[in-house]
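Please keep the sequence and the structure in view while reading.

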Amino acid sequence: MKKLLVFPLLLLLLLAACKADENDLVFNGTSENWSAQLTISVINGAENNDLELKYMGNDVGTIETFNYYLENTDRGTTFEGNNVSLNKSGIYTNEDMSSNSPSTTNEDTYIISVDWNGNSENMVLNIEEALLNYNTINRIVPL
């Protein structure tokens, strides 16, 4: 009987943990060798920008460091990383970018430039709807 009660409780906790804020803005873009995802959320009155860059080429081991420059062309906001490194899976994550006044909208455009090993590629990041809308995806079905 206890097992029957534990499973729904665990399911409920798991679904709550998967909840994405419907106010998050998610911008995605790809180039020949890179993909980028920028997730923007407002936390405690400040805009938090989480960036993930993924190298999609075959020679990830040859990239010791790289540089990137991210710009919101509508607001003039910029972020950059110099001499940053990929992990073993070819992914770089920066969750420490923030601005004091939330102003990004779903109509904004971001452009990111990535420079590595004498190469350079640019991506336009386009808006994507919130990752998961809690009200439509995370419905609890009675067991």
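## Two asparagines with positive phi

Asn117 lies in the loop between strand E7 (110–116) and strand E8 (119–128), where strands are DSSP runs of E with at least two residues, helices are DSSP runs of H or I with at least four residues, and both are numbered from the N terminus. Although Asn117 is not a glycine, its phi is positive, at about 45°. Asn117 is partly exposed, with a relative accessibility of 44%; by the cut-offs used, buried means under 20% relative accessible area, exposed over 50%, and partly exposed in between (1.4 Å probe, protein chains only).

Asn83, also not a glycine, has a positive phi of about 55°, and its place is in strand E5 (residues 78–84). Its relative accessibility of 56% makes Asn83 count as exposed. As background, most residues other than glycine have a negative phi.

## Basis of the model

The model is predicted, with local features requiring pLDDT of at least 70 and side-chain atom pairs counting only at pLDDT 80 or more, while totals for chains, interfaces and linings use all residues. Residues are numbered from 1 along each chain as its sequence is written, and side-chain values use heavy atoms, with hydrogens and water left out.

## The chain as a whole

The protein chain contains two helices and eight strands, which follow one another from the N terminus as α-β-β-β-β-β-β-β-β-α. Of the 143 residues in the protein chain, 33% are buried.

Where contacts (heavy atoms within 4.5 Å) link residues at least 6 apart in sequence, 61% of them join residues at least 24 apart.
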